[in-house]
Amino acid sequence: MREKDNVDLGFIKIHKKVIAEIVNAVIDEFEGVGPVEKDFAGNLKDILGDKNFPGTRIIVDRNNKVAIDVKIKVQYGLNIPEVARSTQEAIRKAVEKTVDVDLKNVNVNVQGIERGE
Amino acid sequence: MKIFSRLAVRVYVLLVIGISCLLILATLDLIDISYEQVKGLLYNIFYDGQTRIAVASTAVIALVINYLFMRSILGGGERGRTIAFDNPAGRVSVSLTALEDMTRRVVLRVPEVKEVRSAIKAGKNKVLEIDVRIVLKGDINIPEMTSSLQDLVKHKVEDTIGIEKSPVVRVHVSKIFPKDTKIKKQKESEELGPEEEANIPFQGYRA
């Protein structure tokens, strides 16, 4: 559940949700890209007080390497491979800069095309 | 759908809270539910028309909400309909539903197209197969128009996802609305107009 880091004073644990929040912040700020809408289960979790990020999945493997699966919407008219590549790079930079974890890969899943040209 | 989903969640939560509270209160003996009351309630459900309709509607709403809940948890069968390519940073997969949506929007920009439906599937040898069903308006040269439509869709998909192999675009014209129907209707209404006006008894009356 948590990414562990051992320092002299003790453990530092970073929750997956922290990484998910960073990923979502990047997507929110990134031009031409948007997050996917919350579904029924996401809305239910929200009401029950569980903050959730739809479409963002953080996977930590046995070697403490982190993989990020993220679902996005791309603005109509943009080149998807280019947008996806720059999104992957922005996410990688933001996560490495903020939490300094060993990122394995950032998988982007384009779920929809947004209107608003 | 988003509003409906939110509303459904609220109804679902309220329903569960209500039933739970009722059961807790009943088991703690804080509310008095006698056998006769339960029997009376069941009797009403069976024999009173209005109660029957109310209970049946509640049950149907609960069923729909539960179905939505189950679909959203299990993913609604849309998983797997993607095409993917690898970047140095990781894999990028594009939902075919997103491409279908984009195709629809591109085709609808053509003025001669009235309605459109599109279906995309990844065929053999990694070639995308795009089926576009359209309803046309007006008398037009169909071979010319469909050919330009095929080019338009093909180039748009190629530009958007940057695939190596060109997609196959199949266009199916399912209906043609003749252009002059509207003009005919307008003429008819113009002809009918003065007669109808003549039948209005107090036309131009001022108080």
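Student: How many bridges join β4(B) to β5(B), and do they run parallel or antiparallel?

Tutor: Bearing in mind that this is a predicted model, β4(B) and β5(B) run parallel and are joined by 9 bridges. Within that pairing, Val135(B) stands opposite Lys175(B), which belongs to β5(B).

Student: Which sheet has these strands, and in what order?

Tutor: They belong to an open sheet of 3 strands in chain B, ordered β3-β4-β5, and the pairing in it is mixed. The edge strands are β3 and β5 (168–177) of chain B, each of which pairs on one side only. On average, and with direction ignored, neighbouring strands of this sheet are turned by 15° against each other.

Student: What packs on the sheet?

Tutor: Helix α4(B) does, touching β3 and β4 of chain B, and its direction makes about 150° with that of β3(B). There is also α5(B), which lies across β4 and β5 of chain B and runs at about 135° to β5(B).

Student: How far does α4(B) reach from its first C-alpha to its last?

Tutor: This helix, residues 96–108 of chain B, has 13 residues and reaches 18 Å, close to the 18 Å expected at 1.5 Å a residue.

Student: And which of its residues are buried?

Tutor: The buried residues of α4(B) are Ala98(B), Leu99(B), Glu100(B), Met102(B), Thr103(B), Val106(B) and Val107(B).

Student: Changing topic to the contact between the chains, how many residues does each one give?

Tutor: Chain A gives 25 residues to the contact and chain B gives 28. On the side of chain A that touches chain B, the elements giving two or more residues are α2 (40–47), α3 (80–99) and β6 of chain A.

Student: Which of those gives the most?

Tutor: That is β6(A), with 9 residues. Sorted by class, the side of chain A that touches chain B has 12 nonpolar, 8 polar and 5 charged residues.

Student: In what sense do β6(A) and β2(B) pair?

Tutor: They pair in the parallel sense, over 3 bridges, and Val110(A) has Val94(B) of β2(B) as its bridge partner.

Technical notes:
Residues are numbered from 1 along each chain as its sequence is written. Chains are lettered from A and ligands numbered from 1 in the order in which they are written. This is a predicted model: local features need pLDDT of at least 70, side-chain atom pairs count only at pLDDT 80 or more; totals for chains, interfaces and linings use all residues. Helices (H or I, at least four residues) and strands (E, at least two) are DSSP runs, numbered from the N terminus. The expected span of a helix is 1.5 Å times one less than its number of residues. A residue is buried if 20 or more other C-beta atoms lie within 10 Å of its own, exposed if 12 or fewer, and partly exposed in between; C-beta atoms are placed from the backbone. Two residues are in contact if their C-beta atoms, placed from the backbone, lie within 7 Å. Ala, Val, Leu, Ile, Met, Phe, Trp, Tyr, Cys and Pro count as nonpolar, Asp, Glu, Lys and Arg as charged, and the others, Gly among them, as polar. Two strands pair if DSSP finds at least two bridges between them. Axes are lines fitted to C-alpha atoms, for helices over the stretch in contact, and angles run from 0 to 180 degrees between N-to-C directions.
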